[in-house]
Amino acid sequence: MADDERTDPFLAHRFVVEIGGVVVGGFSSVGGLSMEMQPEEVEEGGRNTNTHKLPARFGHQNLVLKRGLTDYVDFWDWIWATTHGVVRRERVDVYLQDAPGNRVWGWSFLDAYPVKWTGPEFNAEQSAVAFETLEFTHAGIKRVEGLPST
């Protein structure tokens with residue numbers, strides 16, 4: 001890239017969600033793209049000034065998807081089955097798009113399944129969209145390879 005070329009950051013409102021390789025509609029927001037390591041602290045005898053912090057496992061937040069409630073019932077059916085012991089794990093992919101709509105970044109949430117559903121809040125004094133929120137646990141986040149930024 002030339003020194004005079006400008007690279008603007010991607011905008012957060014251009015994204016698409018796929019579950020099991022299928023685009024699953026428009027979501028208002030996606031949260032939980034996060035990994036964090038909590039180092040293990042080890043005390044050394046006779047050393048009172050500090051502890052040793054050793055690398056440990058990474059933890060992941062749940063993936064949270066929010067969308068306007070529609071007549072698409074597949075999510076409801078999936079979480080309903082899970083409440084009855086039928087746990088179906090799927091790969092959930094989140095893609096960030098550039099202005100023309102090209103996928104430029106992607107994250108795969110591996111072996112995801114629903115753990116929480118929150119329905120809309122109703123208020124007769126407002127004319128707002130009825131939102132549902134779906135929360136998924138997963139076995140880790142992996143960057144999608146083969147996109148322009150990879």
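Me: Is strand E1 mostly covered or open, and how many of its residues are buried?
Reply: First, this is a predicted model, where local features need pLDDT of at least 70, side-chain atom pairs count only at pLDDT 80 or more, and totals for chains, interfaces and linings use all residues. Numbering starts from 1 along each chain as its sequence is written, and side-chain values use heavy atoms, leaving out hydrogens and water. Strands here are DSSP runs of E, at least two residues, numbered from the N terminus, and buried means under 20% relative accessible area with a 1.4 Å probe, protein chains only. E1 covers residues 15-19 and is mostly covered, with buried residues numbering four of its five.

Me: Which residue of E9 is the bridge partner of Ile19?
Reply: Strands count as paired if DSSP finds at least two bridges between them. E1 and E9 (residues 90-97) run antiparallel, joined by five bridges. Within E9, Ile19 has as its bridge partner Val92.

Me: And which residue in E2 does Ile19 stand opposite?
Reply: E2 (residues 22-23) pairs with E1 in the antiparallel sense, over two bridges. There, Ile19 sits across from Val22.

Me: What phi does Gly20 have in the turn?
Reply: E1 and E2 make a hairpin, with two residues between them. Gly20 lies in that turn, and its phi is positive, at about 60°.

Me: Where is confidence lowest in the protein chain?
Reply: pLDDT is the predictor's confidence in each residue, from 0 to 100, and the protein chain averages 89. Strand E10 (residues 103-118) has the highest confidence, at 95, while the lowest, at a mean of 88, is in E2.

Key: Buried < 20%, exposed > 50% of the residue type's maximum accessible area, 1.4 Å probe, protein only.
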